[in-house]
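Hi everyone, thanks for coming. Let me put the structure up, and then I'll walk you through it.

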Amino acid sequence: MSFFRRRGRDCVATFRDDEVRVLRKVAEEVVGLLTEGFDHDDPVVGRLFPDVYPDAPRESAEFRRFTEGDLKTSKIDQAGAILASLPEAGSGEVRLDPEAAEAWLRALNDARLALGIRLEITDDTLLDYELDEAILQDPSSPRVFQLSVYSYLGYLQDSLLTAITANGRS
C-alpha cells in the first residue's frame with residue numbers, strides 16, 4: 001500500500017497500478033456527482049454542501065445561491081488535481097507541491113464523505129467490524145470493496161496529512 005512522504009517541499013508517493021485505477025475511479029465519480037449527477041436531494045450532495053443556516057432555510061438558500069457555484073468548481077478542481085497528478089495508466093510516482101497536496105487532501109476528504117454517506121458510516125461505526133461482517137456475509141460483495149476503498153482513502157488521507165505537516169523533513 002502506498003503512502004506519502006515528504007521530500008523537500010513536496011509530498012511524494014509511488015502508487016501501484018490497482019491504486020491508480022481506484023483513485024482515478026473515485027475522483028471521476030466525485031466529478032460526475034458534482035456535474036451531471038448534481039442533485040440537491042441526494043444525501044451526498046447535502047453532505048458536501050451542507051446548509052449554513054439549518055434553522056433558516058431562506059437564508060441558507062440565499063447563501064447557497066451566492067456560494068454554491070464557486071464551491072462546486074473548487075471541489076471539481078480538487079478532484080481534477082488527483083486525476084492530473086496520477087499516471088494515465090499503470091504504476092508510478094506522484095509528486096505534489098504544497099498547493100496540489102492541499103487539493104488532494106480536500107478531494108480525498110470529499111470522496112470519503114461521499115462514500116461514507118453511501119455506506120451509512122457514522123461516527124459510531126467500527127470500520128474494522130463492518131468490514132469483517134461484510135466479508136463474513138459475502139466476501140465478493142460490492143460492500144466489501146467499497147468499505148476497503150473507504151478505509152484506503154482514510155489511510156492515504158492520513159499519510160498525506162502527516163507528510164504535509166512534516167515541516168520539510170525528508
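**The sheet and what surrounds it**

Let's start with strands E2 and E3, which run antiparallel and are joined by five bridges. Strands here are DSSP runs of at least two residues, helices are H or I runs of at least four, and both are numbered from the N terminus; two strands count as paired if DSSP finds at least two bridges between them. Before I go on, this is a predicted model, so local features need pLDDT of at least 70 and side-chain atom pairs count only at pLDDT 80 or more, while totals for chains, interfaces and linings use all residues. Residues are numbered from 1 along each chain as its sequence is written, and side-chain values use heavy atoms, with hydrogens and water left out.

Within that pairing, Ala 13 has Val 94 of E3 as its bridge partner. On to strand E1, residues 5-7: it pairs with E2 over three bridges, again in the antiparallel sense. Arg 7 stands opposite Asp 10 in E2. The two strands make a hairpin with two residues between them, and Gly 8 in the turn has a positive phi of about 65°.

Put together, the three strands form an open antiparallel sheet in the order E1-E2-E3. E1 and E3 are at the edges with a single partner strand each, so one side of each has no neighbour in the sheet. And E2? Five of its six residues are buried, so E2 is largely enclosed by the rest of the structure; buried means under 20% relative accessible area, exposed over 50% and partly exposed in between, with a 1.4 Å probe and protein chains only.

Now the core. The largest nonpolar core has 47 residues, and Phe 4, Phe 15, Leu 23, Leu 96, Trp 104 and Leu 160 have the most contacts inside it. By nonpolar core I mean buried Ala, Val, Leu, Ile, Met, Phe, Trp, Tyr and Cys residues joined through side-chain atoms within 4.5 Å. Among the elements giving two or more residues to this core are E2, E3, H1 and H6. Leaving out residues up to four places away in sequence, Leu 23 touches several residues, including Phe 15, Trp 104 and Leu 156; a contact is heavy atoms within 4.5 Å.

A polar atom of the Arg 24 side chain lies 3.0 Å from the backbone oxygen of Leu 83.

Notes: A polar contact is a pair of N or O atoms within 3.5 Å; within protein, one must be able to donate a hydrogen and the other to accept it, and residues adjacent in sequence count only if both atoms are side-chain atoms.
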